[in-house]
Amino acid sequence: MSKRMREFIKNGCFLSVAALVMRTVAVSYHAYLAESIGAEGMGLFALVNSLYGFAVTFATSGIQLAVTRLVSECLGRGEPNAARGALRRATLYALIFSGVGSLVLLVGADFFGRVVLRDARTVLSIRLQALTLVPVALSVVMSGYFTAVRRVLGNSLTQMAEQGMRIFCTVYLLGLCLPRGMTYTCAAVVGGAAIAQFLSCGALAVQYLIDRRRHVWGKGGSTEGLTPRLLHIALPVAFSAYIRSGLLTVEHLLIPRALTRGGRSMEEALASYGVLDGMALPVVFYPMAVLTSFAGLLIPVFAEHRARGEQTRIDRIASRTLHLTTVFAIGCMTVLFVFAGDFGMALYHSEETGALIRLLAPVVPLMFLDHVTDCALKGLGEQVYTMWVNIGDSLISILLVLLILPSQGAVGYVYVIEIAEALNFAFSLARLVRVTRIRYSFLKSWVFPLLTAVVTAFGVRSLLRLDPMTVGVFWLMLEVVFAFAVYFGLLALLSGTRHILHRSEDTALDIL
């Protein structure tokens, strides 16, 4: 195994472990919040976050990709001075956009809360969130740097520490604010996150100051033309993200209103929205932590091979990535489908949440493949194409929300997600096929893994009949881990048998 391959796997594993820990804590945290502030409180918090999501997008979009791409390319050519110049320009870019976003939120908090969100209880939370945009943007720049130089351990540990600090501060503040009503309760949740984000930014800054001498210290490479190159990468991605995030914000604002058109009160609509967005979706997104970790590391890999003109390597990496992503996604989909009721009861004591998780499970392969395909296209310089695909995805989602939700309720939003993800992936895959020569076997990537996953999940579920109401989340997770171990073990056995019969020297992990 090559040194580059070992480095890729090591960094991917570090990121995956950190991401899984954070997702585990996040799901548990959402369960705690759901019990503490109720479904309506979760809906209000999700409503505030829909606006904040757009603000963060405005402050940060495009800059992490630009930093990762430029620093990777510069260091790949032995130009540390150019890499350092790219970081300076990226920092200025982040400060300008985050500063403007913070000012707009602070000045317009009353308008956004009362007019846009139509709930005065959100105004205080919006003001608190405005203060976090600058540290969040600077953290994104430094994260892009650490991804480019493949030094992810410190970054991962910092994110884990941020998650822990967020929970500690939120629990403490909730104890003070819960008796004072929903306005201060929501502000307590937001305030805990704000404190953690400031501390995390400071920790990343210290790590960068220590690490920069290793990679971006010294001469070599001109800084001329770096600003146009940075803008050429960042602005198309940012423009796409602004439009998509804006449309996504509109979509999330329309969900409670569309639900009320079906005869529900606003309190009932917020409760339904809270169950879907604050309870079911975090469980479905949980396994994506592993995928996101490795997919993010693929961007500099594709960028380096593209800069060297190594098309054969690009084709091989793309083919292997799609295959492995499909295998992993099918396992996740099957486990979520079979264990959906257990997740709903163990985490939230809610049958409705379990039913929504089961409905969302089939979208997991499309969601995972779409994310990996987007990362590959961005590494290959196709960010403009992904921009238009994502904008179209958001427009279709808004239209479907207006058409489906009034009659179908929260279940209708599941259909919206499934249709939009299918279309998004179809267009992204079509573009990847045009810029690479991928090899993808439906039988090998879909049929065999799906049969193995179904047999494994139902077999484990029948063998270990655990009652989620009595055994708790820990034992349920052990059951799920056991199911995944059996699934991948059976696939490895089948793969090994096939390689022996065909005398193939190909390996599943040989992607670099």
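**Close-up views of a predicted all-chain model**

**Figure 1. Overall composition of the chain.** The chain contains 18 helices and zero strands; both are DSSP runs numbered from the N terminus, with helices being H or I of at least four residues and strands being E of at least two. The radius of gyration is 23 Å, close to the 24 Å given by the globule rule for 512 residues, so the chain is as compact as a globular protein of that length. Here the radius is taken over C-alpha atoms, and the globule rule is 2.2 Å times the number of residues to the power 0.38. This is a predicted model, in which local features need pLDDT of at least 70 and side-chain atom pairs count only at pLDDT 80 or more, while totals for chains, interfaces and linings use all residues. Residues are numbered from 1 along each chain as its sequence is written, and side-chain values use heavy atoms, with hydrogens and water left out.

**Figure 2. Extent, surface and contacts of the chain.** Along the principal axes, the C-alpha atoms fill a box of roughly 60 × 55 × 40 Å. The accessible surface comes to about 22100 Å², and 67% of that area belongs to carbon and sulfur atoms; areas come from the Shrake-Rupley method with a 1.4 Å probe, and for residues only the protein chains shown count as cover. Of the 512 residues, 53% are buried, where buried means under 20% relative accessible area, exposed over 50%, and partly exposed in between (1.4 Å probe, protein chains only). Among contacts (heavy atoms within 4.5 Å) between residues at least 6 apart in sequence, 84% join residues at least 24 apart. The mean positions of the 43 positive and 31 negative charges lie 10 Å apart. Lys and Arg count as positive and Asp and Glu as negative, whereas His and the chain ends are not counted; each charge is placed at NZ of Lys, CZ of Arg, CG of Asp or CD of Glu.

Figure 3. Ser50 belongs to helix 1 (residues 3–60) and is buried at 10% relative accessibility. Not counting residues up to four places away in sequence, Ser50 touches Leu117, Thr249, His252 and Leu253. Thr57 also lies in helix 1 and is buried, with a relative accessible area of 14%. With neighbours within four places in sequence left aside, the contacts of Thr57 are Ala241, Tyr242 and Ser245.

Figure 4. The 14 residues of helix 2 (residues 63–76) should span 20 Å at 1.5 Å a residue, and the end C-alpha atoms are 19 Å apart, which agrees. The expected span of a helix is 1.5 Å times one less than its number of residues. Eleven of the 14 residues are buried, so helix 2 is largely enclosed by the rest of the structure. Gly78 follows helix 2 and has a positive phi near 70°.

**Figure 5. Positive phi in two loops.** Most residues other than glycine have a negative phi. Arg118, although not a glycine, has a positive phi of about 60°. Arg118 is found in the loop between helix 3 (80–116) and helix 4 (123–130), where it is exposed at a relative accessible area of 59%. His349, likewise not a glycine, has a positive phi of about 55°. The loop holding His349 runs between helix 12 (340–348) and helix 13 (351–360), and His349 counts as exposed at 54% relative accessibility.

Figure 6. Helix 10 (residues 288–308) has 21 residues and reaches 31 Å from its first C-alpha to its last, close to the expected 30 Å. Just after helix 10, Gly309 takes a positive phi of about 75°. Helix 14 is mostly covered, with 13 of its 16 residues buried. Gly381, which follows helix 14, has a positive phi near 80°.

Figure 7. Tyr440 occupies the loop between helix 16 (410–435) and helix 17 (442–463) and is partly exposed, with a relative accessible area of 34%. Tyr440 and Arg320 are 120 residues apart in sequence and 8.4 Å apart in space, C-alpha to C-alpha. Beyond residues up to four places away in sequence, Tyr440 touches Leu322, His323, Thr326, Leu369, Ser445 and Trp446.
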